[in-house]
Amino acid sequence: MSDTVIQPRPAGHPLAGHRMSGARMIMQVLADEGVRAIFGYSGGAILPTYDAVFLYNEQQGRTGEPQIPLIVPANEQGAGFMAAGYARATGQVGVCLVTSGPGATNTVTPVRDCMADSVPIVVICGQVARAAIGTDAFQEAPVPSIMGAVAKHIFLVTDPEKLEATMRTAFEIARTGRPGPVVIDVPKDVQNWEGVFHGGGMLPIPGYRRRMTELSERALEAREAALFFEMLGESQRPLIYAGGGVINANAADALTEFALAFSIPVVTTLMGIGALDTTHPLSMRMLGMHGAAFANYAVDDCDFLIAVGSRFDDRVAGVPAKFARNARRIAHLDICKPSRHTGGARASRVTTAPGSPNSPSSSAPTR
């Protein structure tokens with residue numbers, strides 16, 4: 001099955017069957033996805049969609065329905081970071097709306113920042129008309145090539161019939177699995193195109209959805225859980241090292257319950273702050289080069305390190321050979337592949353320090 005074949009959804013949208021421009025479709029999908037604010041800076045290639053924003057809000061105002069405010073920053077980079085801040089604060093997907101060329105390239109930094117910190121945003125970029133792509137047209141930039149290196153996913157809409165499905169799929173990708181930024185590059189003529197609004201439908205992306213299904217079904221086997229608690233029972237100084245994955249997975253309550261049940265202190269990364277109430281006696285705050293000294297001493301002194309939703313980055317494990325050097329065992333539960341600091345093992349593996357017997361792999365979809 002091609003990744004560009006639309007999978008139909010049951011009809012039922014009140015506007016299904018209506019004809020509208022591509023720009024209006026973009027705006028309607030944003031409303032359908034629960035967007036409550038748009039952050040953006042206008043320009044020629046995105047003006048049709050800006051017009052659609054104003055027309056939507058005007059219509060909502062006439063009927064007394066909630067509008068979607070458009071917040072205009074000083075530049076596109078600001079729009080990207082504002083969308084990211086909105087996503088961090090609300091847990092919803094942030095939306096950034098910018099023009100082609102320099103408008104799109106100005107969002108590279110916030111997109112990369114969101115990718116690093118697992119923040120879900122959708123960046124909608126205007127693009128020159130399809131016929132002008134690749135001709136070095138005015139304010140043209142190769143957005144797919146540029147953003148492909150820093151975004152979770154990038155769409156270039158060349159078939160207007162798939163615009164609506166592409167928009168909905170972008171939100172699915174941004175918010176599922178490890179959240180991240182998705183960029184949609186929409187040529188101006190696609191925004192001006194008129195077609196039938198379906199009110200549903202997604203791109204199939206079978207590989208991605210298969211991975212999400214596998215992830216949701218992953219769990220520790222009974223023997224692996226037993227091994228974990230055996231190691232915990234043998235430990236005298238266990239320590240939990242919690243990262244942003246705990247927050248993204250809404251697992252803070254579960255982590256807190258586990259820590260309290262076994263009286264295990266908790267250190268966190270910057271993104272993991274809040275995984276445990278920072279005023280709780282078991283909280284040892286943030287570790288790493290910018291963290292508290294006692295948090296780093298705790299890591300150095302523990303004999304069993306339980307890393308959850310974290311990735312052993314260089315701000316934490318700057319010298320891998322000296323990180324948690326007294327830990328006999330390290331358990332790592334994470335959604336992503338680890339950095340090279342963890343020796344290339346799968347992220348969901350329960351590992352042991354050198355000299356200890358190998359232990360089987362385990363898995364958990366924390367992040």
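**A close look at strand β5**

Mentor: Let's take strand β5, which runs parallel to β4 and is joined to it by five bridges. Two strands count as paired if DSSP finds at least two bridges between them. Strands here are DSSP runs of E with at least two residues and helices are runs of H or I with at least four, both numbered from the N terminus. Before we go on, keep in mind that this is a predicted model: local features need pLDDT of at least 70, side-chain atom pairs count only at pLDDT 80 or more, and totals for chains, interfaces and linings use all residues. Residues are numbered from 1 along each chain as its sequence is written, and side-chain values use heavy atoms, with hydrogens and water left out.

Strands of a sheet pair through backbone hydrogen bonds, either parallel or antiparallel.

Now step back to the whole sheet. It is open, has six strands in the order β3-β2-β4-β5-β7-β6, and its pairing is parallel. The edges belong to β3 (70–71) and β6 (153–156); each has a single partner strand, so one side of each has no neighbour in the sheet.

Helices pack on the sheet too. Helix α3 (residues 76–90) touches β5 along with β2 (38–41), β3 and β4 (94–98), and its direction makes about 165° with that of β4. Helix α7 (residues 163–175) lies across β4, β5, β6 and β7, at about 165° to β7. Contact means heavy atoms within 4.5 Å. Axes are lines fitted to C-alpha atoms, for helices over the stretch in contact, and angles run from 0 to 180 degrees between N-to-C directions.

How many residues of β5 are buried? Seven of the seven are, so the strand is largely enclosed by the rest of the structure. Buried means under 20% relative accessible area, exposed over 50% and partly exposed in between, using a 1.4 Å probe and protein chains only. In a regular strand the side chains alternate between the two faces of the sheet. You can follow this in β5: Ile-121, Val-123, Cys-125 and Gln-127 point one way, while Val-122, Ile-124 and Gly-126 point the other way.

Two of these residues lead us to nonpolar cores. A nonpolar core is a set of buried Ala, Val, Leu, Ile, Met, Phe, Trp, Tyr and Cys residues joined through side-chain atoms within 4.5 Å. The largest has 39 residues, and Ile-124 is among those touching the most other members, together with Leu-30, Ile-38 and Met-167. At least two residues of this core come from each of α1 (22–32), α2 (47–63), β4, β5, α7 and β7. Leaving out residues up to four places away in sequence, Met-167 touches Ile-124, Ile-26, Val-29, Leu-30 and Ile-184. Apart from this core lies another, of 23 residues, whose members include Val-123, Cys-114, Met-147 and Val-183.
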